[in-house]
Amino acid sequence: TSTWKTASVSGALFGGFFISWIGVDKTLCIVFLLVLLSFIILFQIKKKPVLNKKIGEPMKESLQAGVKFVFQNKAILGVLTLDMVAVLFGGTVAILSVFAQDILKIGPTGFGVLNASISLGSILTMFVTTYIPIHKKTGKKMLVSVFIFGLSIIAFGVSSVFWLSVLALFISGAADGISMVIRQTILQIKTPDEMRGRVSSVNSMFVGSSNELGAFESGLAAKIAGPVIAVVFGGTMTIITTVVSGITNPTLRNLDLSKDLYTSEKQHAGKS
């Protein structure tokens with residue numbers, strides 16, 4: 001995840017700089033060449049054996065089993081719902097260029113800095129979380145991180161100062177990084193081995209669809225009410241959802257992974 005976020009930071013920065021230096025058309029040509037290169041490298045990966053025991057199972061049945069498991073597990077359902085709503089309403093990336101051009105008036109280079117600050121916050125947080133335990137009071141930490149994410153989105157929406165906006169986006173990236181690490185940890189530990197692929201697929205559907213719908217929602221809201229109100233509304237909805245989830249889902253609120261990690265380590269030690 002840190003590698004992917006590092007690529008997001010460098011990509012956003014270089015994207016802004018290249019647009020400023022050589023224009024949009026030539027920058028997109030460079031992007032095309034890099035994507036083509038990665039496509040060629042992808043085919044250099046050798047085939048690996050498929051370890052799924054239920055190979056050949058119809059995709060519909062497999063997906064239904066994953067969805068059923070998610071809806072039966074309140075902790076996993078709460079985590080996915082929180083993430084989906086945060087991405088759906090808290091996504092500012094879709095209209096970031098509007099803030100860069102019309103509100104902050106900082107041009108392509110400033111736009112690149114704004115874009116990169118989100119991922120930079122995530123990267124630093126992910127390195128920090130390797131040393132700070134998240135298995136204690138996991139649910140509360142998840143809720144707090146999403147709550148802070150919503151607050152930082154509101155702060156970005158009302159800010160008209162460039163570096164204050166950068167700081168707000170940096171904090172949003174940091175909070176999102178914490179929730180991402182916690183979410184992935186919960187999904188890995190709370191999902192049985194035979195269900196992990198299916199749950200991962202459901203998670204991808206939740207996150208992927210909410211990303212696209214979030215971009216649509218941000219653009220539509222910005223068109224109707226203006227970019228500032230659209231972003232503040234998104235941050236507010238994220239906070240409301242977090243509070244409601246914390247109150248109505250005690251399983252998620254009181255989730256603690258200490259026992260699960262101890263059991264997992266004990267099982268692995270026994271196998272060794």
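Predicted model: local features only at pLDDT ≥ 70, side-chain atom pairs only at ≥ 80, totals over all residues.
Figure 1. Val243 belongs to a nonpolar patch on the surface, together with Val144, Phe147, Ile148, Leu151, Val161, Leu164, Leu167, Ile171 and Ile247. The accessible area of these residues together is about 840 Å². At least two residues of the patch come from each of α7 (138-158), α8 (162-189) and α10 (227-248). Helix α7 makes the greatest contribution, with four residues.

**Figure 2. Crossing of helices α3 and α9.** Two packed helices are described by the angle between their axes and the distance between the axes. For helix α3 (residues 59-72) and helix α9 (residues 196-225), the axes come within 8 Å and cross at roughly 80°. Helix α3 is therefore roughly perpendicular to α9, because angles of 65 to 115 degrees are placed in that class. On the α3 side, the contact involves Ser62, Leu63, Ala65, Gly66, Val67, Phe69 and Val70. Their partners in α9 are Arg198, Val199, Val202 and Met205.

Figure 3. Ser165 is located in helix α8. With a relative accessible area of 0%, Ser165 is buried, since that class covers values under 20%. When residues up to four places away in sequence are set aside, Ser165 is in contact with Leu104, Leu114, Phe156 and Ser159.

**Figure 4. Val166 and its contacts.** Helix α8 also contains Val166. The relative accessibility of Val166 is 11%, and Val166 therefore counts as buried. Leaving out residues up to four places away in sequence, Val166 touches Val113, Leu114 and Ser117. Leu114 is also among the residues that Ser165 touches. The C-alpha atoms of Val166 and Ala116 are 9.1 Å apart in space, although 50 residues separate the two in sequence.

**Figure 5. Val113 in helix α6.** Val113, a contact of Val166, is placed in helix α6. At 22% relative accessibility, Val113 is partly exposed, because the buried class requires a value under 20%. Apart from residues up to four places away in sequence, Val113 touches Leu13, Phe162 and Val166. Val113 and Ser10 lie 103 residues apart in sequence, with a C-alpha to C-alpha separation of 9.9 Å.

**Figure 6. Lys105 in the loop between α5 and α6.** The loop that holds Lys105 lies between α5 (96-103) and α6 (107-129). The phi angle of Lys105 is near 55°, which is a positive value in a residue other than glycine. Lys105 has a relative accessible area of 63% and is therefore exposed, as the class applies to values over 50%.

**Figure 7. Phe17 in helix α1 and its separation from Met195.** Phe17 is part of helix α1 (residues 2-22). Its relative accessibility of 26% makes Phe17 partly exposed. From C-alpha to C-alpha, Phe17 and Met195 are 44 Å apart in space. Along the sequence, Phe17 and Met195 are 178 residues apart.

How values were computed. Residues numbered from 1 in each chain as written. Heavy atoms only, no water. Patch = residues over 30% accessible without salt bridge, like charges linked within 9 Å, V, L, I, M, F, W, Y side chains within 5 Å. Areas by Shrake-Rupley, 256 points an atom, 1.4 Å probe, with all protein chains shown as cover. Salt bridge = Lys/Arg side-chain N within 4 Å of Asp/Glu carboxyl O. Axes fitted to C-alpha atoms, helices over the stretch in contact; angles between N-to-C directions. Parallel < 35°, antiparallel > 145°, perpendicular 65-115°, else oblique. Contact = heavy atoms within 4.5 Å. Buried < 20%, exposed > 50% of the residue type's maximum accessible area, 1.4 Å probe, protein only.
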